Amino acid sequence: MLSSEWSGGGLLVINLSEFTAVKNNCTANFNWKTSTEVIGDKCEVQVSTNTNSLYATVGTGLASGNSSTAKSY
């Protein structure tokens, strides 16, 4: 799950145009591109290891805020 948040809390809108995950030994490398972002200040990568939909954040990166141009992470 990839989500975008802002400092006021809550999930916001991003249009994800590409997402890749590559396993490297016991590490996963994630790359993604967005075509638009609305008020996001960070992106979180979350995973779930079971079927009850509980997610844990495994990575965080800065987002571009308001953007209508392609961004790569």
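Phe19, Phe30, Trp32 and Tyr73 are linked by ring pairs into a cluster. The structure is a predicted model, in which local features need pLDDT of at least 70 and side-chain atom pairs count only at pLDDT 80 or more, while totals for chains, interfaces and linings use all residues. Residues are numbered from 1 along each chain as its sequence is written, and side-chain values use heavy atoms, with hydrogens and water left out.

**Aromatic rings**

- A pair of aromatic rings is described by the distance of the centres and the angle of the planes.
- Rings of Phe, Tyr and Trp (its six-membered ring) pair if their centres lie within 6.5 Å; planes under 30 degrees apart count as stacked, over 60 as edge-to-face and the rest as tilted.
- The search of the whole structure finds 3 aromatic pairs.
- Phe19 and Trp32 form a stacked pair, because their ring centres are 6.3 Å apart and their planes stand at 20°.
- Phe19 belongs to strand β2 and Trp32 to strand β3, so this pair ties together parts that are 13 residues apart in sequence.
- Trp32 also forms a stacked aromatic pair with Tyr73, at 5.6 Å centre to centre and with 25° between the planes.
- Tyr73 lies in the segment after β5 (71–72) and Trp32 in strand β3, so the pair ties together parts that are 41 residues apart in sequence.
- Trp32 counts as buried because its relative accessibility is 9%, where buried means under 20% relative accessible area, exposed over 50%, and partly exposed in between (1.4 Å probe, protein chains only).
- Phe19 is partly exposed, with a relative accessible area of 37%.
- Tyr73 is likewise partly exposed, at 24% relative accessibility.

**The chain as a whole**

- The chain contains 0 helices and 5 strands; helices (H or I, at least four residues) and strands (E, at least two) are DSSP runs, numbered from the N terminus.
- Read from the N terminus on, the order of the elements is β-β-β-β-β.
- Of the 73 residues in the chain, 21% are buried.
- Among the contacts with a separation of 6 or more, 45% join residues 24 or more positions apart; a contact means heavy atoms within 4.5 Å.
- The chain exposes about 4,900 Å², and carbon and sulfur atoms supply 53% of that area.
- Accessible areas come from the Shrake-Rupley method with a 1.4 Å probe; for residues, only the protein chains shown count as cover.

**Salt bridge**

- A salt bridge is a side-chain nitrogen of Lys or Arg within 4 Å of a carboxyl oxygen of Asp or Glu, and by this rule the count is 1.
- The partners are the side chains of Lys33 and Glu18, at 3.8 Å from N to O.
- This pair links distant parts of the chain, with Lys33 in strand β3 and Glu18 in strand β2 (residues 14–24), 15 residues apart.
- Lys33 counts as partly exposed because its relative accessibility is 34%.
- Glu18 is also partly exposed, at 39% relative accessibility.

- Gln46 lies in strand β3 and is buried, with a relative accessible area of 14%.
- The side chain of Gln46 makes a polar contact of 3.1 Å with that of Glu44.
- Another polar contact, of 3.4 Å, joins the side chains of Gln46 and Thr57.
- A polar contact is a pair of N or O atoms within 3.5 Å; within protein, one must be able to donate a hydrogen and the other to accept it, and residues adjacent in sequence count only if both atoms are side-chain atoms.
- Lys42 is found in strand β3 (residues 27–47) and is partly exposed, with a relative accessible area of 28%.
- The C-alpha atoms of Lys42 and Ala63 are separated by 4.4 Å, although these residues are 21 residues apart along the chain.

**Surface and loop**

- Val13, Val38 and Ile39 form a nonpolar patch on the surface, with about 240 Å² of accessible area together.
- Patches are made of residues with over 30% relative accessible area and no salt bridge; like charges are joined within 9 Å, and nonpolar side chains (Val, Leu, Ile, Met, Phe, Trp, Tyr) within 5 Å.
- Ile39, in strand β3, is partly exposed at 43% relative accessibility.
- Asn25 lies in the loop between β2 and β3 and counts as exposed, at 65% relative accessibility.
- Asn25 has a positive phi of about 60°, although it is not a glycine.
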